[in-house]
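Please go through the model below. A short report follows, with cut-offs given where terms come up.

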Amino acid sequence: MSEFAANETDYEVVEGEPPELLGRNLNSAGHLLASATAFFFLAFIFAYFYLRSLNNAGLWHPKHVTPPTTFGTLVMALTVLSAILVRLGLADQRAGRRSEWRLKAAVGLAAGVGVVVLQVVEWATMGFGPADGGYASVFFGWTAFNLLFIVGTLFWLQNLLATAIRYRNVPVGGKPTPGHASGDPGRPGHDVADPLSLVRPGLEALSFYWTFLAGLGVLAWVVLYLA
Amino acid sequence: MSATAVEIRPPVWRRLIGFNAITGVIFGIIGYYLGWFLGHHITGKSIAFFADIDQNDLSVLLGYFFGVSGFLIGLGFGVYPWARLRGYPPSLREKETQGTSRYFGLCTDHKVVGIQYLIGIGLFFFIGGLNAMLIRVELLRPASQVFPAGQYLTLVGMHGTMMMGMMTSGILGPFANYFVPLMIGARRMAFPRIESLTFWLLMAAGAVLTTTIFFGGFPTGWTGYEPLNSQANTGMDSYLVFFALVGVSMCLLGLNMLATIITMRAPGLTWSRLPIFCWAVVSTSILNLLAAPVLIAVLGMAILDRTAQTTFFNPQGGGSPYLYQNLFWVFGHPEVYILALPGMGIVLELLPVFARKPLWGYRLAVSGLLGVTLLSWLVWQHHLFVSGINSDLRPFYMLSTELISIPTGFTFLCGLMTLWRGQIRFTVPLLFCLAWFFNFLIGGLSGVFLSDVPSDVTTHGSFFSMAHFHYTIMGGLVFAFFAAIYYWSPKMFGYTLNERLGKIHFWVMFISFNSTFAPLFAVGFLGQPRRTVTYAHNLQFLNDWVSVSAFVLGLSMLVFLYNFVYSLLFARIRAPQNPWSSLSLEWQLPSPVPVHNFDRIPVITGDPYDYGNPSPGAIPATAPAGGSS
């Protein structure tokens, strides 16, 4: 269904925003999202130390509750690896090495999927359950929600990668056909002046956030497996 | 250069079939039963739903999850992520030019979202208010008469939860969404789809909470305290999902507002020229962004306790109910300021217009707003004074709580000094602003009693604290809300609300509000606890007085409703473009504001409160703004 003037030139004049505006939006959103995520997991860090110090009924950490450190280390390492690959991919993207960035992002995505799989396998095979005391509760709650955030971020990465792959042959500054905007074939024009140019600011915001999540993953590993 | 957006009007049948609210409701119901069936399948319990609710928390929670997902997909929120997943490029705008149907689905025009919020929140405010009337009916007599104790608790809980949850967006939802982009010279919000999502999430949340009556209600009041929370029946799940959805909506709303104000201000609109209402939005958004995730986390823990048998809050399993209290109030006290700060912003924004004076102490007012934002993080344990916290901690939280009155006092001072020797026009919006001063002062002063440990020990959990927070929240937020709606209606709808009816509404509301809540301080001092269906016989006169006053207060809302419907649908008196002679940017635009707001992004050359200055400042240097050429 058409929604805007058929004459694309007219529409761009209406939009008329500085081209870097959307990039700035994404950048600030990445940082704000990281702040919100930090406060979310602060609740679990608080719960960890609060319940640990109370040790109600002596059930903070019963003896049989031993987290599988190998799995935990693998999950953490793969998260960090994925974040590093995305960072390197961003450097390639900035340098105009488009095929290299796509490759690194794809491997980073695969590593992220590996994190998800490993986490599920860890839950299924470990020797304690969520009802086994305070630590077990924090462990399951923290890792479960962490996984949700990871899945969301991988979805974001997948979006950017899919756009980069779909339009891999469009030269820099080129535009896809207007009907491709949001996949809506009825659209006669783009409401973003240069939609493909948004891959880079998107990747910058994502890379920041993914690195932040990897940092949280390291913190989780230290607190849940080593402390 | 044309700025025209083409109006496409497909046939009615086509508009009904697409993604809209009807589809959303249908998909929501289908999704609910899908989740419910899945939950039963996982737990292997009976699926005799219509005969017995069988206390299957998992099936109810999965029902809500799939129901809300279906609702959002039916509204059209799944289309864009699906397209992006397949690599299609980003776009910003959807359904901005489709007439009335824009209001019943995903629309990315911030002005449409603002009006959606106004009507949607108004609906749930009405339901919450109706609950309050029923509570006061019950309290007409000392013994239980209309509702059994359990139902009464649910009623109180629904009233409190509905009001505290939905009204978090009471001002930011309608007014910040509508006016912040206009005030900062932007054409849209930073993330228009997220803006729309926040509204529809809130509507889904309201519907979820209302369905608690099908699952036996919940006994905890709006705080959802443990261990009652874990012991309650499946009606508690409605509370948990409701507040989690509200939390997500708040967090995204805050993120979107902050991103918009940080990145999309027009050239020349420096931080020191930002309208004070936008500063209040910034302050509130910081709290939204950071406090709501803590709420979501603690509710997530409670959901895991009820479904996955974790023991976060179960002391027999290594947990602690105090953990819930702590985390809830880490969110809950900033939440109080999430409700109060936008009201302060509205009052400070409107006073210069009606006093025809610049805002006194602009920087002091901003520091007051930001000071409240900061200090609101350091006070949460005053809610736990009587819960058995370490007594060594009490003095710190007592002092930090009292400290917050200093930045609050800044905003008071700035407001009053703005009025001082002003050429005051006693319009309806100004009357509501003046009432805000009176109410919020009483609310603030009574708060000192609750922050002091000795007096809190005797008044905690009584009607005294109930009166206190109604003075701050209803007296602060709701009066400011009405000031805003009378003030901005000409711009939002193009019609003026009836002045005489507005004044009747104001006086009836102001008098009945004080007549309702002032006696409750005495009732509380005399020992009547909150959330109990019976009370001592000697308190009946005061309770009857309060109930009758509350009914009049309810009546005043009907006066407003009548005025609103009458003025907008029947009288339809066209408002001039700038009826209050305001210098703020939004009033320089035509009414109704065009979809794209500005033909050209304005350049700001002065501050928005240059009243009395012969050369107006806030009017953009590069006029014209708005309108289609």
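Which helix of chain B holds B:Leu569? B:Leu569 lies in helix 20.

## Basis

This is a predicted model, where local features need pLDDT of at least 70, side-chain atom pairs count only at pLDDT 80 or more, and totals for chains, interfaces and linings use all residues. Residues are numbered from 1 along each chain as its sequence is written, chains are lettered from A and ligands numbered from 1 in the order in which they are written, and side-chain values use heavy atoms, with hydrogens and water left out.

Helices (H or I, at least four residues) and strands (E, at least two) are DSSP runs, numbered from the N terminus.

## Chain A

Chain A has six helices and zero strands. Its pattern along the sequence is α-α-α-α-α-α. Of its 227 residues, 50% are buried. Buried means under 20% relative accessible area, exposed over 50%, partly exposed in between (1.4 Å probe, protein chains only).

## Helix 12 of chain B

Helix 12 of chain B covers residues 321-355, 35 residues in total. From first C-alpha to last it reaches 51 Å, close to the 51 Å expected at 1.5 Å a residue. That expected span is 1.5 Å times one less than the number of residues. A kink of about 30° is centred on B:Trp329. The bend at a residue is the angle between axes fitted to the seven residues ending there and the seven starting there. Burial is heavy here: 34 of the 35 residues are buried.

Both ends have local detail. At the start, a side-chain oxygen of B:Ser320 comes within 3.1 Å of the backbone nitrogen of B:Tyr322. Just after the helix, B:Arg356 has a positive phi of about 50°.

Helix 5 (110-138) and helix 20 (540-571) each supply at least two residues. Helix 20 gives the most, with eight. B:Leu569 counts as exposed because its relative accessibility is 53%.

## A buried threonine

B:Thr108 sits in the loop between helix 4 (79-85) and helix 5 of chain B. B:Thr108 is buried, at 2% relative accessible area. A polar atom of its side chain lies 2.6 Å from the backbone nitrogen of B:Glu94.

Key: Polar contact = N/O pair within 3.5 Å; in protein donor to acceptor, adjacent residues only side chain to side chain.
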